[in-house]
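User: Could you walk me through a few local backbone features of this model, and then one of its sheets?
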Amino acid sequence: MVDSSARPSNFVRNIIDEDLASGKHTTVQTRFPPEPNGYLHIGHAKSICLNFGLAQDYKGQCNLRFDDTNPEKENIDFVKSIQEDVKWLGFEWAGEARYSSNYFDQLYQYAVELIEAGKAYVCFLNAEQTREYRGTLKEPGKNSPYRDTTPEENLALFDKMKSGEFKEGECALRAKIDMASPFMCMRDPIIYRVKFAHHHQTGDKWCIYPMYDFTHCISDAIENITHSLCTLEFQDNRRLYDWVLDNISIEARPHQYEFSRLNLEYTVMSKRKLSALVTEGHVQGWDDPRMPTIAGLRRRGYTAASIREFCTRIGVTKMDNMVEMAMLEACIRDDLNENAPRAMAVLEPIKLVIENYPEGQVEELQVANHPQNESFGTRTVTFSKELYIEREDFRESANKKYKRLVLDKEVRLRGAYVVKALRAEKDKEGNITTVYCQYDPQTLGKNPEDGRSVKGVIHWVDASNAKPAEVRLYDRLFTVPNPAAEDDYTQVLNPESLVVKQGCFVEASLAALEVEKAVQFERTGYFVKDGKDSTDQQLVFNRTVTLRDSWAKTNQ
């Protein structure tokens with residue numbers, strides 16, 4: 001049994017502890033069963049961490065099984081992206097990746113068993129008629145006129161379905177359960193339908209495909225899954241899950257347990273809506289850093305550790321709730337504050353010319369890579385007569401609260417000297433382009449010798465070797481916490497979710513920064529080099545998160 005003190009407990013762990021203690025199970029076998037019809041998102045990460053985490057903690061196994069019963073919407077690219085995401089999050093599945101399609105022959109035979117037992121029939125009601133016969137939440141359904149067809153006739157009809165003798169939508173195989181059931185999923189649900197579609201695993205072998213509810217429970221049983229975990233919307237479907245297994249000749253009896261799905265503020269979790277964001281061009285692909293997909297979060301600079309920590313913090317319950325985006329951002333800030341080295345970058349540059357600095361001189365300064373952790377070591381930055389500083393770090397005049405560079409006032413350049421602003425040069429529009437200053441050569445790494453106090457510190461880069469860069473400032477994709485509740489969620493897209501800064505400059509060392517290796521741009525935020533668009537000729541950096549939660553202030 002796992003050491004329960006190592007992790008927060010939850011109702012699933014309590015169930016597993018009881019099952020192992022009673023001898024109901026001697027090992028834990030879980031599975032993660034995504035449908036390969038899109039990229040995984042942060043909600044799937046919760047399920048991944050739960051299923052794989054339980055298997056790890058209880059020294060069991062977790063299967064990766066693709067629910068590939070709808071070939072029209074699935075493709076091999078999604079299969080590959082899902083495998084990559086699971087591995088990137090830090091998990092390994094047991095054996096080879098599995099597919100529901102591996103079991104299509106067995107599933108077909110189990111459908112035949114149900115027909116032979118008089119518990120399934122081929123129905124020729126069209127989609128509209130099927131809905132009409134199904135009834136409503138308040139009224140029971142009506143039996144299909146094809147419900148009492150003999151098993152022999154149904155076997156022949158099902159064989160014709162398999163042979164491609166019926167058109168799509170012309171008929172379907174339905175389980176014969178109870179059209180008066182208070183649970184809609186038990187009103188003779190469809191378990192097989194005709195679909196002439198090429199399958200990424202089975203090719204053109206099949207023109208009938210099983211439905212998820214029929215496939216899932218049997219796949220669990222075939223794989224000897226002990227604890228089948230799914231989200232709360234499948235709670236009623238557990239009745240169908242159990243009914244199928246109770247009515248076919250399969251020995252294993254897995255049990256389904258439901259937990260609350262992840263609802264995260266300022267985003268949508270519906271694959272249909274995420275797909276629409278991509279296809280309608282609201283974002284630039286499934287891995288757009290504004291998307292809640294694992295690929296998007298990864299490209300934005302979120303670490304696997306921060307996502308795992310987030311999943312730990314939100315816990316596992318049976319209560320649906322909306323998780324604050326600030327909680328996810330806090331996890332990445334905590335991670336990167338501790339683990340990201342520091343560097344300097346100027347996003348809106350103006351030139352700083354040090355008039356009394358020796359012409360042509362270039363100094364090499366050693367700057368700490370992390371203010372609290374000496375093990376990060378130091379890096380070399382160059383310092384010369386001309387530097388770049390942030391436009392917002394200079395004012396011609398300011399009150400005492402402004403601790404940056406002001407005319408006739410002093411400020412310290414990070415890791416370098418104290419400078420005093422003398423005058424400013426402007427363009428035709430009145431924008432400041434250059435600040436002229438002088439430096440105190442006795443202040444490298446120490447306070448002025450005469451005891452004068454210099455409180456402000458600003459960052460800078462050396463104009464002689466700074467690297468030009470494009471910086472992408474990513475923010476929340478929507479302007480409201482629950483966009484899914486809007487009549488048209490595309491009307492609340494945040495127009496400021498991506499602000500692209502051209503003409504930025506970063507210190508020379510950042511040209512060699514690895515993709516996905518986080519760095520803190522001092523006083524600005526956490527960033528990563530973009531893995532898709534950044535090149536040696538054109539550096540591109542993505543903002544992962546700001547240093548502080550700016551939304552908390554603006555939305556109070």
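User: Let's start with K59: is that residue buried or exposed?
Analyst: K59 is exposed, at a relative accessible area of 74%, where buried means under 20%, exposed over 50% and partly exposed in between, with a 1.4 Å probe and protein chains only. This is a predicted model, in which local features need pLDDT of at least 70, side-chain atom pairs count only at pLDDT 80 or more, and totals for chains, interfaces and linings use all residues. Residues are numbered from 1 along each chain as its sequence is written, and side-chain values use heavy atoms, with hydrogens and water left out.
User: Where is K59, and what is its phi?
Analyst: K59 sits in the loop between α2 (42-57) and β2 (61-66), helices (H or I, at least four residues) and strands (E, at least two) being DSSP runs numbered from the N terminus. Its phi is near 55°, a positive value in a residue other than glycine.
User: And what about E516, where is that one?
Analyst: E516 lies in the loop between β26 (498-506) and β27 (519-521); although E516 is not a glycine, its phi is positive, about 70°, and with 35% relative accessibility it counts as partly exposed.
User: Switching to the sheet, in what order do β4, β5, β6 and β7 come?
Analyst: The order is β4-β5-β6-β7, an open sheet of four strands with antiparallel pairing, where two strands pair if DSSP finds at least two bridges between them.
User: Which strands are at the edges?
Analyst: β4 (120-123) and β7 (208-210) are, and each has a single partner strand, so one side of each is left without a neighbour in the sheet.
User: Which residue of β6 stands opposite L173?
Analyst: Y192 in β6 stands opposite L173, and strands β5 (residues 172-175) and β6 (residues 190-194) pair in the antiparallel sense over three bridges.
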